[in-house]
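Here is a short tour of a protein model for you. Have the sequence and the 3D view ready, and follow along topic by topic.

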Amino acid sequence: MAALGLASVAAWHPCRRWSWTAFGFPRGLSALLARKPERTPQWLSACRQKTSISFLSRPDLPNLAYKTLKGKNPGIIFIPGYMSSMNGTKALAIEEFCRSLGHACIRFDYSGVGNSDGNLQECTVGRWRKDVLSIIDDLAVGPQILVGSSLGGWLMFHAAIARPQKVVALVGVATAVDGLVTKFNQLPVEVKKEIEMKGVWSMPSKYSEEGVYHIQYSFIKEAEHHCLLHSPIPVNCPIRLLHGLKDDIVPWHTSMQVADRVVSKDVDVILRKDSDHQMREKADLQLLVYTIDDLIDKLSTIVN
């Protein structure tokens, strides 16, 4: 069963390969979260796009835009959220952190999003699942830690199920397993019927420039085929789920449901009291990279 909140954080061991002491921080993670940073760590303030865009060509599928950082294993693959690109705050912070450790890192855009080819109106959860698998199969070398944000957290579980030999750990940020389907099913019957007739769900969202996401009804129906919470989730690797209690898009209870349904026994759910859905404040990013570093440490210990 998953550990909860800071109780699980406090039980972790400090990382051995890098330290916050240069920035006036104690090494323990629980102590780090208990105080605000005196100044932004150098790796975080330096977050910027340093790598050039490449494209993964795929027969009969849209070309995917990606950026890769070569380095040691395990590599890190960032899987973005719905309508998010590879140039988001979390993606850039993870890449810069990997650079500081010398580990490989890949970030990419889904088909129909950002710099990738494809028509967004034709995209589905199933197609984006194929995008993630293409990145793992065609670009990633050796074992990988997947970091999924929101809908990306849903897709990372599908990738772990499909590629268990290559995916060695998961980190979810506001993990939205079954999220859109669950949200749609909670609508009143008459509203769902209206959406079915119109063919489009205009879902209000403060994270959209228009204030609303226009989601095809067919997108929701296709997504139903990829739901996971109805049965045990056959993933056995270490899993860390970070979630903000102030998330008004994907309730933090979703991470608890995932922890309960997943087969793995090595699962921690870490709740941030003042964090929202995006979890991109400085303290959130520090927790995220510290979580990744802890998993790298754990995997290295297992291998060695």
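The structure holds 0 disulfides, a disulfide being a pair of cysteine sulfur atoms within 2.5 Å. This is a predicted model, in which local features need pLDDT of at least 70 and side-chain atom pairs count only at pLDDT 80 or more, while totals for chains, interfaces and linings use all residues. Residues are numbered from 1 along each chain as its sequence is written, and side-chain values use heavy atoms, with hydrogens and water left out.

- Cys 98 is in no disulfide, and its nearest cysteine sulfur, that of Cys 105, lies 4.2 Å away.
- Cys 98 is buried (under 20% relative accessible area, with a 1.4 Å probe and protein chains only), at a value of 2%.
- Cys 227 is buried too, at 15%.

**Two packed helices**
- Helix 5 (residues 125-138) packs against helix 6 (residues 151-162) at an angle of about 60°, and their axes are 9 Å apart.
- Helices here are DSSP runs of H or I with at least four residues, and strands are runs of E with at least two, numbered from the N terminus.

**Around Val 167**
- Val 167 sits in strand 7 (residues 167-173) and counts as buried at 3% relative accessibility.
- The C-alpha atoms of Val 167 and Pro 143 are 5.9 Å apart, although 24 residues separate them along the chain.
- Beyond its neighbours within four places in sequence, Val 167 is in contact (heavy atoms within 4.5 Å) with residues including Ile 136, Ala 159 and Cys 237.

How values were computed. Axes are lines fitted to C-alpha atoms, for helices over the stretch in contact, and angles run from 0 to 180 degrees between N-to-C directions. Buried means under 20% relative accessible area, exposed over 50%, partly exposed in between (1.4 Å probe, protein chains only).
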